[in-house]
Amino acid sequence: MMAEPLFGAMPGLARNFMPFLVYFMICLVSFVISFYMALKIKPTRPKDTDIIADADLIFSVPMYSGLSILAILGTIEGLEEGWQFHWFGSRGHSRHFVMLYAAINLIHVPITLLKKQNFTYKVLMSSHHAISIICMMVGLLNDRMYFFGAVDGICEISTLILTIFFIFKEGLVGKGPTIDALVTISGVLLWLSYLVFRIFLFPFWLYLYIAEARDHYEEVRNNVVLINLLTSYLKQKTFAAVSHVERYLYPSANVFLFLLSFHWMIKITKGMLKALNIGQNKSGKRTSKVKEQ
């Protein structure tokens, strides 16, 4: 059985174009409002404050809250269904997650380039956004495999916690002993969320994807040999029917996300140990220093 063309037949273009455009406009308006709010608080911020970064933090709280909720609901829906829904389901919260996620990433591309960050950060994050946009757009164009997007999307819980951590750390809500304590608490929660929702999640995604692709590809192939008349029906429910991007870029993207998350996990771990005063020598000096991102 032959796979579909590189990007698939794109039956979802007509169905998803307008809803996606609505999500994109909501994100765009939300960032404009966030930028206005960042300008309003600028007099209370340090002189070298990055307004784009402040606006991004404000923008990210409602956006990643919505993504996290849709990802959780979409994953629960999918787990209650079967493998057919995982691969070819085209309804539910997972579809809306994919649309919102793609829209947010499109908005985040120029934000990433405009923020005052080092070149390595911009390259890594721009690569992440580009790969994510391609994967999500292919899903929308082919109107399927939203469940796998929602499972991946659970990782945005850690992004939400990261946003809250930086809101406290950068002093957007003030400074003082209480804020310092909240920075430490959110830092520990950030470490836990990265461990569970990224370091553990992406290998689980790969296991689920590969297991279903292997098991049901063989199942359908054997049925086709026995009952040739059902070939045209069965081939629509196998790994061999989806496009090359869905077959190979999706798992490759998860490997990339795992490696990227592992890279950040090392830095987050060092930062948490520093905040908890763990890793000092007898003279009271830190045994290691963390270069702030």
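Modeller: One term to begin with: pLDDT is the predictor's confidence in each residue, on a scale from 0 to 100. It applies here since this is a predicted model.

Biologist: What is the mean pLDDT of the protein?

Modeller: Of the residues, 83% reach 70 or more. The mean pLDDT of the protein is 85.

Biologist: How many contacts beyond four places in sequence does the model have for residues 220-236?

Modeller: Over residues 220-236, pLDDT stays under 50. Where pLDDT is low, predicted coordinates should not be read in detail. For residues 220-236, the count of contacts beyond four places in sequence is 12.

Biologist: And how many for residues 282-293?

Modeller: Here too pLDDT stays under 50. For residues 282-293, the model has 20 such contacts beyond four places in sequence.

Biologist: How many helices and how many strands does the protein have?

Modeller: Read along the sequence, the pattern is α-α-α-α-α-α-α-α-α-α. The secondary structure comes to 10 helices and 0 strands.

Biologist: Is Leu13 buried, partly exposed or exposed?

Modeller: Leu13 lies in helix 1, residues 13-40. Buried means under 20% relative accessible area, and exposed means over 50%. Leu13 has a relative accessible area of 46%, so Leu13 is partly exposed.

Biologist: What is the area of the nonpolar surface patch that includes Leu13?

Modeller: Other members of the patch include Met10, Phe17, Val32 and Met37. The patch covers about 1100 Å².

Note on methods. Residues numbered from 1 in each chain as written. Predicted model: local features only at pLDDT ≥ 70, side-chain atom pairs only at ≥ 80, totals over all residues. Heavy atoms only, no water. Helix = DSSP H or I, 4+ residues; strand = E, 2+ residues; numbered from the N terminus. Patch = residues over 30% accessible without salt bridge, like charges linked within 9 Å, V, L, I, M, F, W, Y side chains within 5 Å. Areas by Shrake-Rupley, 256 points an atom, 1.4 Å probe, with all protein chains shown as cover. Salt bridge = Lys/Arg side-chain N within 4 Å of Asp/Glu carboxyl O. Buried < 20%, exposed > 50% of the residue type's maximum accessible area, 1.4 Å probe, protein only. Contact = heavy atoms within 4.5 Å.
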